[in-house]
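This briefing goes through one protein chain, topic by topic. Please keep the sequence and the 3D view open while reading.

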Amino acid sequence: TLFFLKSPWGMKRGKFDHVGFVLKDGRMKDMSGHRGEMIAPIISTWEQLLTDDVFWEGWPDNEDKPQSPDEAKKIGIYQIMKLPKVVDVPDEIVCRTSDKSKVSENCGSFVFNVLHNAGINPDFLKDDKYIVVGKQF
């Protein structure tokens, strides 16, 4: 299962700008460019995500952040997508198996590569409602 999330930056643009995997236990696994260059994927809970000040930068001071994925879904900044099959989500930065120059650099390229390597067409990540991976990727 994938999760998509709109940061305050994505909210202003009306697009989901963060993507990752929902693990069987409900935790999230993602790689994010805002954490720095070439930082391996992390596993976190929603509560831990709420403490990520860089992700939430620009959130209105007078509004509470959503305290759960369900709350985030209700305000339109979170959605999930079931995948057609189970994929193994690696703990390290991955390349596309068919093109080693396509190295994961952020959330979108990480998910793109993992799906591609698992035999799932990831081109849907280039859809206009997302801004998680460049069209050329």
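Predicted model: local features only at pLDDT ≥ 70, side-chain atom pairs only at ≥ 80, totals over all residues.

Which kind of contact do the side chains of Asp25 and Arg27 meet in? They meet in a salt bridge, with a distance of 2.7 Å from N to O.

**Salt bridges**

- The count of salt bridges comes to three.
- In the bridge between Asp25 and Arg27, Asp25 has a relative accessible area of 51% and is therefore exposed, because exposed means over 50%.
- Are Lys29 and Asp91 buried or exposed? Lys29 is buried, with a relative accessible area of 4%, whereas Asp91 counts as exposed at 53% relative accessibility.
- Lys126 and Asp123 form another salt bridge, with 3.8 Å between the closest N and O atoms. This distance meets the rule because the cut-off is within 4 Å.
- Lys126 counts as partly exposed at 21% relative accessibility, and Asp123 also counts as partly exposed, at 42%.

**A patch of negative charge**

- On the surface, Glu63, Asp64, Asp70 and Glu71 gather in a patch of negative charge.
- One of these residues, Glu71, is found in helix H3, which covers residues 69-74.
- Glu71 is partly exposed, its relative accessible area being 36%.

**Strand S1 and its partners**

- Strand S1 (residues 2-5) is covered on both faces. Leu2 and Phe4 are on one side, Phe3 and Leu5 are on the other, and all of them are buried.
- Which strands does S1 pair with? One is strand S2 (residues 18-22), which pairs with S1 in the antiparallel sense over four bridges.
- S5 also runs antiparallel to S1, and four bridges join them.
- Phe3 stands opposite Gly20 in S2, while the bridge partner of Phe4 in S5 is Gln79.

**The S6 and S7 hairpin**

- Strand S6 (residues 95-96) and strand S7 (residues 99-103) pair in the antiparallel sense, over two bridges.
- How many residues does the hairpin use to join S6 to S7? The hairpin joins them through two residues.
- Arg96 has Asp99 in S7 as its bridge partner.

**Phe112 in helix H4**

- Helix H4 (residues 107-117) contains Phe112.
- Phe112 has a relative accessibility of 2%, so Phe112 counts as buried, which means under 20%.
- Phe112 and Pro122 are 10 residues apart in sequence, and their C-alpha atoms are 5.4 Å apart in space.

Notes:
Residues numbered from 1 in each chain as written. Heavy atoms only, no water. Buried < 20%, exposed > 50% of the residue type's maximum accessible area, 1.4 Å probe, protein only. Pairing = 2+ DSSP bridges. Patch = residues over 30% accessible without salt bridge, like charges linked within 9 Å, V, L, I, M, F, W, Y side chains within 5 Å. Areas by Shrake-Rupley, 256 points an atom, 1.4 Å probe, with all protein chains shown as cover. Lys, Arg positive; Asp, Glu negative; His and termini not counted. Charge placed at Lys NZ, Arg CZ, Asp CG, Glu CD.
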